[in-house]
Amino acid sequence: MRPSLLRVLDGEVISPPPVWLMRQAGRYLPEYQAVRADAGSFLDLCYCPEKAAEVTLQPVRRFDMDCAILFSDILVIPDALGQPVRFEAGQGPLLEPMSLDRVGALKRDNVLDHLAPVFETVRQVREELARGKALIGFCGAPWTVATYMIAGKGTPDQRPARVAALADPQGFQALIDVLVEASADYLVAQIEAGVDAVQIFDSWAGVLDDDLFARWAMAPVRALVAKVRGRCPQARIILFAKGCGARLATYAATSGADGFGIDWTMPLSLARKQTDKALQGNLDPLRLILGGEALARGVDAILADMAGHPHVFNLGHGIQPDTPPDHVAQLMRRVRDSGSR
């Protein structure tokens, strides 16, 4: 059975649409917390195939999601390049801030060896996941990963990377080139290990003005997609550029991707006018936290806006740690039952 996600990415309209949630495997689930407590550090969990496969599958088992998304993190790429990453409770990811004159010292020859446990996770999940369900791999977009490498952490507007890109575009381009190459190798290896589709997360694209968005968000992603397609012509690729907004039409027309994740600040009724390609999203994660009528209204509005258009139901960004699992179950019922209402 061909997974419904792939059918939608090929342009088919399915009602009710397939459902998965960004960050669906994670802190809001008690079964995840149990595995996390036993794993050691967050990266230890990412690099332990047995445990990472288990948490990848947990939401599929609990909620009957249509897709599993690989449990990992976008910052395994800088970690593999020799810029160690650690995660501190309450602080998020922390790296040693990198200046652009250190790009040449990045360890580019060991990336896939370093990430071999991730590919083993893919193989283990693929072996257990039902064939009718899709397995999604992912990476961070070059711009978003670069923002963390430069600042050493997330900041409100990723100012350090924006300043670096404006002050030294040649040096910043060298970093982007490294990330495009490493990310392409990483996605291709995931596809070869068994994922059905990949998603590229550009969570910080929205902080860029039009000129910088074209150079540092669109151009690197276009190069990354082209490299993946050159080696895996049948790859199915989703792009999620948070804050893309009115630039979606150009992004969709030029990127070469099959589907586009939309954040909750952009109406899907507007997004579908900008592209006939598959759209994914875009429930506000706060509605999922609240549940009840707020959640029901949000789900129904999205389904109405996307009637007749290829659509994957998802959030407009990642699920929050304080989300009650029962509300995820409510969302799943609401979407599944929509075909009979």
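Predicted model: local features only at pLDDT ≥ 70, side-chain atom pairs only at ≥ 80, totals over all residues.
I started with D38, which is exposed at a relative accessible area of 57% (buried is under 20%, exposed over 50%, partly exposed in between; 1.4 Å probe, protein chains only). Residues are numbered from 1 along each chain as its sequence is written, and side-chain values use heavy atoms, with hydrogens and water left out.

What does D38 pair with? I found a salt bridge to K51, closest N and O atoms 3.5 Å apart (a side-chain nitrogen of Lys or Arg within 4 Å of a carboxyl oxygen of Asp or Glu). K51 is partly exposed at 23%. D38 sits in helix α2 (residues 30-39) and K51 in helix α4 (residues 49-63), so the bridge ties together parts 13 residues apart in sequence. Helices here are DSSP runs of H or I, at least four residues, numbered from the N terminus.

Next I looked up R231, which bridges to D185 at 2.7 Å between the closest N and O atoms. R231 is in helix α11 (residues 210-231) and D185 in helix α10, so this pair links parts 46 residues apart in sequence. I also noted R2, D10 and R236 in a salt-bridge network. The whole-structure search gave 18 salt bridges.

Last, I checked H327, in helix α16 (residues 325-336). H327 counts as buried at 17% relative accessibility. Beyond neighbours within four places in sequence, H327 has contacts (heavy atoms within 4.5 Å) with L288, I289, L290, G291 and L295.

How values were computed
Helix = DSSP H or I, 4+ residues; strand = E, 2+ residues; numbered from the N terminus.
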